[in-house]
Amino acid sequence: MFTFKKFLVLLIAVTVGVFLYNIWTVENKPPGIEYSVFLHQLKQNEIKSVHMRGGDIRGKDIHKQPFSTFSPDVKGLMEILNSKNVTITASPEARPSPFWQSTFPVLLLMAFWIFFMVRQQKGGMGDFGKSKLKLDRGSLQQVTFDDVAGIPEAKEELVEIVHFLKNPGKYEKLGGKIPKGVLLQGQPGTGKTLLAKAIAGEAGVPFYSISGSDFVEMFVGVGASRVRELFNKAKENIPCIVFIDEIDAVGRHRGAAEAGGQEEKDQTLNALLVEMDGFQTGQTVIIVGATNRPDVLDPALMRPGRFDRQVTILPPDVKGREQILKVHSRNLVLAQDVELGNVAFSTPGFTGADLANLLNESALLAARKDKDVIELVDIEESRDKVLMGAKRKGMVISESERRTTAYHEAGHAILASILPDTDPLHKVTIIPHGRAMGVTQQVPLQDHHAYSREYLLNRIKILLGGRTAEELVFNQYTTGASNDLQQATEIANKMVCEWGMSEVLGPRAYAVENKGFLEGEMVVKNVSEDTAKNIDREINKIIEQCYQEAVIILEGKINYLHKLAAVLLEQETIDAEGVDIIIQCKATGEGEPVSVLDENITSLS
Ligand code: ADP
Ligand code: ZN
């Protein structure tokens, strides 16, 4: 892409060129003599030749010495020259005037600038006049859901979108509104782009894609017009999929502190929001956004009618990895000794992209060794290579870390299953997700509007359960529990200060101020020192009691804790049913769980 930097380099080059040219012409001018001297020499027959350019005269004398001078009377001079038999040459007078000489480079630069601005507007350097938008009509038939493996939940949610795209009329007849946007969240390489392409492929609709980072290096106003251009094109080709990769590059919190280009991003984001709101019913354009930083996205993007669906894609578990390996080895010749299940087992934390890369590297390696088939040793050697790359990215988990995480999550999960009056367990996993080493997810029974004291206490116990399990088994703590502790403390804090749930302090609320930039750092305002001490004591009491109870429960179920951790180490992910089978104890929640949508699930790590 033509950047401002390159423009600067060009500018400097042109300036230096003009400068050198000026020096050269000045230096090359022969020594000047007075006109009277020249006339005198001429009359003495000492001039051999002259070159005239209007009144400007350059020439050589009979000793071949160059000179220059200026004639105020060209006509009169010509007569004398003629009579003296001097060789005369001449050229037209129109020399660049000093004005022209000094303005020309400036005009040239301006022309350059305008030229590249226009070029920039229309697209990259390579394809003049064409936008960067990619219309993948040809490739779209090739990618289908069959190419996407190991992420069944995400696939399930997106199958519905394919239905929408295939028969939009059916939904509209029933008065249903077709979703406008789907936001795919997940770390790089988990298959977000692949899924978006598969939706288009399955539905047989055009696929337009653009990346948020394309907007970053642009002149002001271009990002916004690019967005409008994209949507205009999409509207001409409905139904279709518009895929915006790295949407966080433009969709960051408006006004979030960030150096440079903020205004430009705001403009682009606003254009995006306006376009998303601007669809009429019947214009079936589904926008699929992808990000690995959902936390920095502007909440405005998530409002209904924009990205109203959110799908989180976790890195695949053992089974998922095996399926992905199967997909990517379809065209590979594998030796008999290669068990994809074992390969899957030895690649915890690998994403789909890592696995595809692993198999590709193995094929290259086998080819380099002149083999006819890919053997297990090739895969193992390549795995170490891919792992090295992963290590640099900080993704590799040691065996002891996995063990600690398994017990930590098992602790959360057992308490979540056993304790009454709490949200039922949804899933527990030791696959790292974001900064968390593992995740325990719960689904709320219904939309909570009010929480009971019981519910809140149990929630604190569940939060403390991870750390408690680590302590019981390893007799040590890790930093993995810090977020749990923060959340537990916050709940206890609110119980005492906001919800009047402490017997000592009674039913009154204390003004709490969020001090400093660290969230959760609460400071109680306008209370006496005694009361502040009491508040502190009450918060500590709640946490201490919950902790004791968590210890008692987990000690009583220590066998289940070991069992659950062992299964987690083997399978990486267990759903609620699996946990129930292991601990032989049903969750005692009342009523039906609400639908398992992403936005309903609460996760703790
Ligand atoms: P993302 O957009 O999330 O960064 P991509 O969709 O670009 O990831 O994935 C890169 C490549 O990794 C894909 O082209 C595909 O070959 C492979 N891949 C990733 N996830 C999967 C998956 N679930 N099933 C099959 N292949 C996958
Ligand atoms: Zn935890």
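Predicted model: local features only at pLDDT ≥ 70, side-chain atom pairs only at ≥ 80, totals over all residues.
Residues are numbered from 1 along each chain as its sequence is written, and side-chain values use heavy atoms, with hydrogens and water left out.

Across the whole structure, 14 salt bridges are found, each defined as a side-chain nitrogen of Lys or Arg within 4 Å of a carboxyl oxygen of Asp or Glu. One of them joins the side chains of Lys369 and Glu381 at 3.2 Å, N to O. Because Lys369 lies in the loop between α13 and α14 (376–392) and Glu381 in helix α14, this pair ties together parts that are 12 residues apart in sequence; helices here are DSSP runs (H or I, at least four residues), numbered from the N terminus. Lys369 is partly exposed, at 37% relative accessible area, and Glu381 is partly exposed at 43%; buried means under 20%, exposed over 50% and partly exposed in between (1.4 Å probe, protein chains only).

A salt bridge also links the side chains of Lys371 and Asp378, at 2.8 Å, N to O. Here Lys371 is partly exposed, at 25%, whereas Asp378 is buried, at 0%. Lys369, Lys371, Glu375, Asp378 and Glu381 belong to a network of salt bridges.

Elsewhere, Lys541 and Glu538 both lie in helix α18 (residues 529–556), 3 residues apart, about one turn of the helix. Their side chains form a salt bridge of 3.3 Å, N to O. Lys541 is partly exposed, at 39%, and Glu538 is buried, at 6%.

How values were computed: Chains lettered and ligands numbered in written order. Helix = DSSP H or I, 4+ residues; strand = E, 2+ residues; numbered from the N terminus.
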